[in-house]
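Trainee: Please take me closely through one part of this model, and then through the fold beyond that part.

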Amino acid sequence: MAKILIVEDDPLIGRTLQIRLARKGYEVVDCVSTGEEALSQAESKKPELILMDIGLKGALDGIQTAHQLRERGIPSVYLTANEDSHIFGRAKRTRPLGYILKPYEEEELYRTVELALYNHGVEVALQKREELIEDLNRSLENRVVERTRQLEEANQRIQGSLKEKEVLLMELHHRVKNNLQVICSLLRLQLGKLTDPNAAMVLKESQNRILSMAMVHQLLYQSQDMNHINFKTYLETLASHIFQSSDRDPQALSLVVEADEGYIDLVTAVPCGMIATELISNALKHAFPQNREGTLSVIFKLKDKNRVSLKVQDDGIGFPPNMDWRKSPSLGFSIVSSLCRQIDAVLDVKQAGETGTSFTLTFPLTAQPIASSF
Ligand SMILES: Nc1ncnc2c1ncn2[C@@H]1O[C@H](COP(=O)(O)OP(=O)(O)OP(=O)(O)O)[C@@H](O)[C@H]1O
Ligand SMILES: [Mg+2]
């Protein structure tokens, strides 16, 4: 049953209204004659609608009273004899749910009250929905804040463990490099004791093979990324080291290294460095007998986003006649062939008698993990 408060300073009109509304089944909670009384009764009896006269006794008129009640969530329907447009303009700003002019038709009263109650119901429902949405928004925001905090914490944990792993990996590369260097030192000590020049040459080559791996690990622990090395730096260091250890006369033989700036991962860099070591060693050992003059070139090129090429070329004496390098039983070319397979390299060999030899391997940058294949 809808509760209605009547504010009417004419007792007769007030009484009539009370009877008419009660007859229609509304609960009239009170009928008061001043704005002040209306405010206090509204507070205690919580009506859903006020039927409000405008001209009242007391300090507050009907419009001022309706304004205050509206702010407390209780709407009014004005019931007044005042036709003044200025008054109507003031009343409008209190967002009334009806404006009935006296004398009024009974039917008009019922319809206005019914519509007002219905509209008020819709207003309340909308307001509740808005509050619900605000609540949901707030709880959603809180959940987002909480989730963000959790993610930040998890991120910090991951960053921490990543840092730890990077340090471990750096330590690992450092140790591998040190151990390989210890092997090189042992070979050097043994080399000092050898009198046979052929045996000494074999040991020296083994030393270079191990050093080519040690250098990869050295560059890895010095690099930011811990997984890729600057292949230009690597090739320059490796080639000049092998050149110097070969005792070739730099006046007679020049070494040229031309390399693009490129980064190669550990899995590819180690086999690729070992192939380069074999090919450079071979050129120094076989292509320029009796201090023959010439040039040894090492060229590294980035072909496209995922393919690179490495060329080792000399202008020496070329392969011995009738030699098929693929069928050579020696260790050097066996190492080259099997490492080329390991990094999916296509090897192009050019030999033309006195004009020297050239080996070009083209390979992808993403290789399979190292598997022992020789
Ligand atoms: N750049 C080159 N110029 C001329 N001949 C070469 C060149 N590279 C290789 N050869 C020839 O191919 C042969 C096979 O080379 P390979 O590297 O397999 O063996 P190796 O150098 O003789 O010994 P090792 O197994 O210790 O490397 C060499 O003995 C040499 O005759
Ligand atoms: Mg060789």
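**The shell around ligand 1**

Mentor: By class, the shell around ligand 1 holds 8 nonpolar, 8 polar and 4 charged residues (Ala, Val, Leu, Ile, Met, Phe, Trp, Tyr, Cys and Pro count as nonpolar, Asp, Glu, Lys and Arg as charged, the others, Gly among them, as polar). The model is predicted: local features need pLDDT of at least 70 and side-chain atom pairs pLDDT 80 or more, while totals for chains, interfaces and linings use all residues. Residues are numbered from 1 along each chain as its sequence is written, with chains lettered from A and ligands numbered from 1 in the order written.

In total, 20 residues surround ligand 1 (C-beta, placed from the backbone, within 6 Å of it). N282, S330, L331, G332 and F333 are the closest. Helices α8 (266-287) and α9 (331-342) each supply at least two shell residues; α8 gives the most, with 6. Helices (H or I, at least four residues) and strands (E, at least two) are DSSP runs numbered from the N terminus.

Elsewhere, 5 strands form an open parallel sheet, ordered β2-β1-β3-β4-β5 (pairing takes at least two DSSP bridges). Its edges, β2 (27-32) and β5 (99-101), each pair on one side only. Neighbouring strands are turned by 20 degrees on average, direction ignored. Inside the sheet, β3 (49-52) and β4 (76-80) pair over 3 bridges, and M52 has Y78 as its partner in β4.

Helix α1 (11-23) lies across β1 (3-7), β2 and β3, at about 175 degrees to β2. Helix α2 (35-45) packs on the sheet too, touching β1, β2 and β3, at about 155 degrees to β2. Contact means C-beta atoms, placed from the backbone, within 7 Å; angles run from 0 to 180 degrees between N-to-C directions of axes fitted to C-alpha atoms, for helices over the stretch in contact.

Notes:
Two residues are in contact if their C-beta atoms, placed from the backbone, lie within 7 Å.
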